[in-house]
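Visitor: I would like to learn how to read this structure feature by feature. Could we take a single residue to begin with?

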Amino acid sequence: MRRLIENRFGLLALVLVALGALYGVAFVSRPAPAAQARPQAVRAPVESVTAICPAPSGSRVSVVTPVQEEQNQEQGSATLSPIKAPEGKDGGKDDVIDRPGLLWQREIAAGGGPLVVDATGSMAAGLESAQTARETSGTQRGLAGVRCVEPGAESWFIGPGPAAAEMTLYLANPDAAPANVSFMVYSGEGPVLSERGNGVVVKPGQHRVIRLRDLAPSPLIMALQVSTRSGRVAAAVKAVLGEGRGVDWLPAAAAPATRVVVPGIPGTAGQRELYVATPGERDTSVRIKAVLKDGSYALKNKETIEVPAGSAASLDLSTGIGGQPAALVLESDVPIVAGMKITGTGARQDVAFTAGAASVDLGSVVADGRAEGKQTSWLVLSAPFAAATVEVRLVPAKGTAPDPVEVKVPAARTKELRLAPPKGSKGGFSVVVRPMPGSGPVYGGRVLDEGVKDGQMVTAQPLAMARTWALVPPTADSPGAVLP
């Protein structure tokens with residue numbers, strides 16, 4: 001042993017053996033590493049909502065915030081006031097709603113500009129508002145309704161062009177910062193208005209009304225992109241087709257995507273015209289599938305529509321889906337925007353529009369439903385990809401709310417429901433649609449029609465995702481937040 005110790009190489013070997021034994025014991029006895037959970041987005045209730053009713057003059061405005069039993073928020077309120085600059089003063093008295101579950105409705109006198117709906121706290125989560133006008137004569141004859149829209153950085157619309165109808169763009173800026181707005185128009189012949197070199201500045205509290213014929217007079221059909229380089233703006237488009245031809249608002253369409261669902265097509269007779277636009281730089285062949293009450297399939301001789309790059313195209317689907325409640329599923333190799341014109345029957349026609357929309361995974365609210373006189377409200381629900389189950393609840397303006405109804409929609413099917421409040425409740429009602437746990441994606445729309453002696457009047461509204469919850473991105477501690 002002494003010789004081994006005196007031998008420096010032997011001593012080194014003993015040290016290495018001892019260290020190996022020590023680290024071996026430590027490795028075997030060390031605790032298992034803690035699993036690193038991937039941070040997930042957090043679902044948080046919406047605490048503030050601003051919506052703009054673009055032109056409520058002569059319309060009925062409806063505002064509602066459904067009761068959210070699972071939420072525990074501070075008391076809030078919703079204020080309805082004319083749009084004005086941040087430092088501006090208005091002599092009129094604002095309307096205030098401070099109780100969820102109350103449907104507020106009012107006929108707005110002619111004259112005046114956009115109406116701003118500002119909601120906070122318990123009145124914000126799920127708030128929905130809409131304006132609906134009814135005229136029985138003149139160029140504005142028909143039902144014309146639109147969901148009051150939130151200001152944003154980009155909006156898409158698709159429908160007839162300024163050569164086929166009087167198309168008017170309404171812009172409003174409720175924020176404290178100016179909005180620098182630009183436009184892009186795609187027609188059947190290609191882009192006719194570039195976002196470069198055109199646009200307007202909408203100052204805080206300001207609203208603008210723009211005749212699209214002054215910007216691009218030639219298109220018979222069009223897709224319109226409204227975007228901001230800075231700030232936010234609420235945008236809406238109204239189409240007046242002329243005496244005896246109808247009037248309505250174009251709903252905001254879903255942003256360009258390779259798969260678009262156009263929901264809420266009613267089961268009434270009349271023309272059905274599909275609009276598709278390809279904003280990109282590649283031609284495309286768009287595949288069309290109809291989701292009807294008896295199944296989902298391609299329409300004979302109308303399986304596809306060819307859309308050149310940077311342009312819009314239309315296709316008459318009256319013989320394919322006319323008289324049937326439906327949704328359309330459009331697929332393309334490049335992103336597209338899509339919508340549809342729905343024409344009523346009769347000697348004097350009216351029109352309605354629907355457009356590509358998202359599934360209502362977090363539920364949906366429609367502020368304006370009616371069952372007055374000859375007016376009828378319909379809910380058109382589609383489950384294109386998997387079976388869906390939803391709860392439908394009505395909130396009447398007056399009287400006791402009926403019990404909610406559970407509606408099952410088989411996969412690849414469309415179902416149409418007639419909406420009617422219980423006897424004893426007067427006035428209008430709002431509609432709350434909530435997918436049940438385990439439900440597949442559901443798409444839909446509310447259709448309002450009225451039979452009058454000279455022809456059917458109609459308006460439609462695709463179901464939009466309720467402003468109830470927001471997904472808040474995950475957060476984590478990071479020295480980068482304070483280090484230069």
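Visitor: Which residues does Thr376 touch, not counting residues up to four places away in sequence?

Guide: The model is predicted, so everything here is read from computed coordinates. Thr376 touches Arg370, Arg418, Val447, Leu448 and Asp449, with residues up to four places away in sequence left out. The residue belongs to strand S28, which covers residues 375–383.

Visitor: Is Thr376 buried or exposed?

Guide: The cut-off for buried is under 20% relative accessible area. Thr376 has 11% relative accessibility and therefore counts as buried.

Visitor: What share of the protein chain is buried?

Guide: Of the 484 residues in the protein chain, 49% are buried. The chain exposes about 22700 Å², and carbon and sulfur atoms supply 53% of that area.

Visitor: How many helices and strands are there in the protein chain?

Guide: The protein chain has 4 helices and 35 strands. As for its contacts between residues at least 6 apart in sequence, 81% join residues at least 24 apart.

Visitor: How should I read a sheet, and in what order do the strands of the sheet with S6 and S9 stand?

Guide: Strands of a sheet pair through backbone hydrogen bonds, and the pairing is either parallel or antiparallel. Here, 4 strands form an open sheet in the order S6-S3-S8-S9, with antiparallel pairing. Strand S6 (104–107) and strand S9 (142–147) are at the edges; each has a single partner strand, so one side of each has no neighbour in the sheet. On average, neighbouring strands of this sheet are turned by 15° against each other, direction ignored.

Visitor: Over how many bridges do S3 and S6 pair?

Guide: Strand S3 (residues 60–64) pairs with S6 over 4 bridges, in the antiparallel sense. Opposite Arg60 stands Glu107 in S6.

Visitor: How many residues of strand S16 are buried?

Guide: In strand S16 (residues 221–230), 8 of the 10 residues are buried, so the strand is largely enclosed by the rest of the structure. S16 pairs with S10 in the antiparallel sense over 7 bridges, and Ile221 in S16 is the bridge partner of Pro160. S16 also pairs with S12, in the antiparallel sense and over 8 bridges. Met222 in S16 stands opposite Ser187.

Visitor: How is a pair of aromatic rings described?

Guide: Two quantities are used: the distance of the centres and the angle of the planes. This structure holds 3 aromatic pairs. One of them is formed by Trp156 and Tyr186, which are stacked, with 6.2 Å from centre to centre and 15° between the planes. The pair links distant parts of the chain, with Trp156 in strand S10 and Tyr186 in strand S12 (residues 179–187), 30 residues apart. Trp156 counts as buried at 5% relative accessibility, and Tyr186 counts as buried at 7%.

Visitor: What is the geometry of the rings of Phe385 and Tyr443?

Guide: Their centres are 6.2 Å apart and their planes are at 80°, so the pair is edge-to-face. Phe385 lies in the loop between S28 and strand S29 (388–396), and Tyr443 in strand S33 (residues 443–452), 58 residues apart. Phe385 is partly exposed, with a relative accessible area of 33%, whereas Tyr443 counts as buried at 10% relative accessibility.

Visitor: Which cysteines form a disulfide?

Guide: The structure holds 1 disulfide. Cys53 and Cys148 form it, with their sulfur atoms 2.1 Å apart. The torsion about their S-S bond is about 95°, so the disulfide is right-handed. Cys53 lies in strand S2 (residues 48–53) and Cys148 in the loop between S9 and strand S10 (154–160), so the pair ties together parts that are 95 residues apart in sequence. Both cysteines, Cys53 and Cys148, are buried.

Visitor: How far apart are Asp333 and Arg259 in sequence and in space?

Guide: Asp333 and Arg259 are 74 residues apart in sequence, and the C-alpha to C-alpha distance in space is 8.8 Å.

Definitions and conventions: Residues numbered from 1 in each chain as written. Predicted model: local features only at pLDDT ≥ 70, side-chain atom pairs only at ≥ 80, totals over all residues. Heavy atoms only, no water. Helix = DSSP H or I, 4+ residues; strand = E, 2+ residues; numbered from the N terminus. Buried < 20%, exposed > 50% of the residue type's maximum accessible area, 1.4 Å probe, protein only. Contact = heavy atoms within 4.5 Å. Areas by Shrake-Rupley, 256 points an atom, 1.4 Å probe, with all protein chains shown as cover. Pairing = 2+ DSSP bridges. Axes fitted to C-alpha atoms, helices over the stretch in contact; angles between N-to-C directions. Disulfide = S-S within 2.5 Å. Phe/Tyr/Trp six-rings, centres within 6.5 Å; stacked < 30°, edge-to-face > 60°.
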